[in-house]
Amino acid sequence: MTEVADNSAGVRDLGGCPVFHTDYRVERPALETHRLLNADREAARFAWNDSTEEGFWVLNRFDDVREALQRDADFSNDQVSSLHRSPPGILLPENLNQPQHAEMRRILNPFFAPKLVRRIADRAQERAVALVERIAPRKSEDMATGFGMTYPTELFLALLGLPVEDGPTFQPWVEGQFTGFFDKSPQAQQIAAQTRRELDAYFAAAIADRRANPGDPTTDLVTRLVTAEYQGAPIPDEMILTICMTIMAAGLDTTRSALGYTFLHMATHPQDRQRLLDEPELWPNAIEEIIRLYGLIIQDGREAAHDIDFHGLPIRKGDLVWLGLAAANQDPRVFEDPHLFDPDRPNLQQHLGFGAGYHRCLGMHLARAELVVALTEWHERIPHYRIAEGAQLRERGSQLRLQHVPLVWD
Ligand code: HEM
């Protein structure tokens, strides 16, 4: 039996698992994180990771990760990251468990359904074309801080029924919010607190406005939330605010990150790019494959709702559990040649990049539509580009994102 020091009860039974020490919160050279995750997955079916103060169980193989995501009564959403604990209810609907979660998703789902997303797609196309045409003559763009940031922010504002002209005001808030999530230094926390105050004021004004002048609840998310009923009563402003913040946190950084990895891949794999230039109708498949291959949400965290014997793993009530989405998505037991980009893969849709079970990504149809439009319009206008010479590409830890993706073209 393997044991490890436990901050509550002296020693913990690890059920024979090895202990991993890799800290996945730290910044690394681009693509290094996936190499480490793949090695972890092959080293052991289960492990304990002691790189955080509290430590957590590690599940990285596809079948285990999918099973745990679907056993929501055992693996609770009170915590949604194994890398740090957060106050309960800070993310909505993510931190809700059944049946409250299902009720909240019933309110939100229609808004993110494919039908509504088609409406946003027209807006997405108009914004993508305008932005790319402005960028093209410049002959260079940092995808991480330029287009990759501006485009999803404008669409998020359009989705919420807020003015897209607020984009430039909004962008520093998005940065500030993310700094606070991933950097726990006092300086970063101070920026995050200030950002939170400004965002609170912004959304509070939008909520007050929609209460006084409701818009169309089928196309304006804030109106939908102020007119909906949850648990037999109107949704309190505080909760609406948290929902807007969560959607912003969940939707903006992810889309930006996916764009960054897509451009890195296409800039460094000219044959793949040429195929997409020749067959642009392949973009939806290509995006799915990018989300599998460059999994940016490397883990979903869960908290054990009670003691669980998970295939022999002695998980105790309250333990944090890492469900390794990115490692599972490159599990050779499920995906043939998992390290290759193959948009013709027969089980392309099987990946866990958008999660699985009740909490599967609310915005996945929107993300796909936004990405297809952006990549199609970009490649029509700027088909050939490369990474700027001498660029040192690095990725943020915790939730992956390339810090800079400097592209140049002739
Ligand atoms: C490529 C882009 C995206 C990726 C890879 C992604 C991935 C994910 C994943 C893995 C989850 C599951 C989290 C969990 O189980 O704890 C999730 C949940 C969620 N996503 Fe996304 N997402 C993306 C884009 C978006 C967008 C554009 C939005 C909205 C504008 C969005 C909103 C959400 C929300 C609200 C949740 C929580 C759902 C719930 O708990 O019921 N996501 N996403």
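I began with the rule that a disulfide is a pair of cysteine sulfur atoms within 2.5 Å, and by this rule I counted 0 disulfides.

The model is a predicted one, in which local features need pLDDT of at least 70 and side-chain atom pairs count only at pLDDT 80 or more, while totals for chains, interfaces and linings use all residues. I number residues from 1 along each chain as its sequence is written, and side-chain values use heavy atoms, with hydrogens and water left out.

Cys-17 is buried at 5%, whereas Cys-361 is partly exposed at 27%.

What does the iron atom of the ligand have as its only protein donor? I found Cys-361, through SG at 2.3 Å, where donors are N, O and S atoms within 2.8 Å of the metal (3.2 Å for Na, K and Ca), and sites may look incomplete since water is not among the atoms. Cys-361 lies in the loop between helix 12 (325–328) and helix 13 (364–381); helices (H or I, at least four residues) and strands (E, at least two) are DSSP runs, numbered from the N terminus.

Last I turned to an open sheet of 3 strands, which has the order 4-16-17 and antiparallel pairing, two strands being paired if DSSP finds at least two bridges between them. Strand 4 (28–29) and strand 17 (401–402) are the edge strands, each pairing on one side only. Strand 16 (residues 394–396) is joined to strand 17 by 2 bridges, and Arg-396 has Arg-401 of strand 17 as its bridge partner.

Methods: Buried means under 20% relative accessible area, exposed over 50%, partly exposed in between (1.4 Å probe, protein chains only).
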